[in-house]
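Let us learn to read a protein model step by step.

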Amino acid sequence: MTNARARLSRDQWIDAAFEALISYGPGAVAVEKVARTLGSTKGSFYWHFANRDELLQAALDRWEVLATERLISSVEASGEPAEVRLRRLVDAVTTGLAGRRAELELLAGIDHPVVSAAVRRVTERRVAYIVTLLVDLGMDRQKAKQRGVLAYSMYLGQMQLVHSVPDVVPGSGADAHVLADEFVSMVLAR
């Protein structure tokens, strides 16, 4: 083993696996593929991980933090009123959807138990955050739960449209902001 290969850290493996995950889905997080990307060997992999599922779990954990927890923390850090935070959240998740395939790739790989568990945690966390914002706006908790699920379903549907029929959904500019505003108005409708 060369010195370059010996110096690979656990984080470098996770970084490479994360990039494969968000670009090509869970199936791309394969030991040999990631090793090739890193210019390394499977031996280096086994120094840091017991098996492929452990690497996949680490990549999913990173996705969970970057795509959910960091975003929520960023929106919350603004300290703005709940409606402004909701609009900020919607803008953040609907801007640049064309460049993000991770959600769809993960949903396509939902039959894997590690992927399924991560998608479930992220979905529950995201819906719960939307519910919190809606309750903060004075909405009844039961109605907020229904609207939270509806809002998240609309987000996933929009992502699917952006990737399957991109000319149907505006991807950027003023039209995208109008659509985001309409999205928020529908969720908040009394």
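This is a predicted model: local features need pLDDT of at least 70, side-chain atom pairs count only at pLDDT 80 or more; totals for chains, interfaces and linings use all residues.

Q: How many helices and strands does the chain have?
A: Helices (H or I, at least four residues) and strands (E, at least two) are DSSP runs, numbered from the N terminus. Here the chain has 10 helices and 0 strands. Read along the sequence, the pattern is α-α-α-α-α-α-α-α-α-α. The C-alpha trace spans about 65 × 35 × 30 Å along its principal axes.

Q: What share of the residues counts as buried?
A: Buried means under 20% relative accessible area, exposed means over 50%, and partly exposed lies in between (1.4 Å probe, protein chains only). Of the 190 residues of this chain, 39% count as buried. Take Val75, which lies in helix α5. Val75 counts as buried because its relative accessibility is 1%. The C-alpha atoms of Val75 and Lys42 are separated by 40 Å, and these two residues are 33 residues apart along the chain.

Q: How many salt bridges does a search of the whole structure find?
A: A salt bridge is a side-chain nitrogen of Lys or Arg within 4 Å of a carboxyl oxygen of Asp or Glu. The search finds 15 of them. One joins the side chains of Arg62 and Asp11, at 3.5 Å from N to O. This pair links distant parts of the chain: Arg62 sits in helix α5 and Asp11 in helix α2, 51 residues apart.

Q: Are Arg62 and Asp11 buried, exposed or partly exposed, and why?
A: Arg62 counts as partly exposed because its relative accessibility is 22%. Asp11 is partly exposed too, with a relative accessible area of 43%.

Q: Which residue meets Glu76 in a salt bridge?
A: The partner of Glu76 is Arg85, at 2.7 Å from N to O. Now check each side. Glu76 is partly exposed, because its relative accessible area is 35%. Arg85 has 10% relative accessibility, so Arg85 counts as buried.

Q: Why are Glu124 and Arg120 separated by about one helical turn?
A: Because they are 4 residues apart in helix α8. Glu124 and Arg120 form a salt bridge, with the closest N and O atoms 3.2 Å apart. Glu124 is partly exposed, with a relative accessible area of 44%. Arg120 counts as exposed, because its relative accessibility is 57%. Elsewhere, salt bridges that share partners join Asp11, Asp15 and Arg62 into one network.

Q: Which residues form a nonpolar patch on the surface?
A: Patches are made of residues with over 30% relative accessible area and no salt bridge; like charges are joined within 9 Å, nonpolar side chains (Val, Leu, Ile, Met, Phe, Trp, Tyr) within 5 Å. Accessible areas come from the Shrake-Rupley method with a 1.4 Å probe; for residues, only the protein chains shown count as cover. Here Leu161, Val165 and Val168 form a nonpolar patch with about 210 Å² of accessible area together. Leu161 is in helix α9. At 35% relative accessibility, Leu161 counts as partly exposed.

Q: What volume does the largest pocket have, and what lines it?
A: On a 1 Å grid over the protein atoms alone, a cavity is a set of points where a 1.4 Å probe fits but cannot get out, and a pocket is an open set with protein on both sides within 12 Å along at least five of seven lines; lining residues have an atom within 4 Å of a point. Grid points are joined across faces, edges and corners, and a volume is the space filled by probe spheres set on the points. The largest pocket has a volume of about 460 Å³. It is lined by 26 residues, and Ala67, Val93, Arg100, Arg126 and Tyr155 lie nearest its centre. The largest share of the lining, 6 residues, comes from α5.

Q: How many cavities of 30 Å³ or more are found?
A: The search finds 2. The largest cavity has a volume of about 60 Å³. Its lining includes Trp63, Glu103 and Tyr152. The elements that give two or more residues to this lining are α7, α8 and α9.

Conventions
Residues are numbered from 1 along each chain as its sequence is written. Side-chain values use heavy atoms; hydrogens and water are left out.
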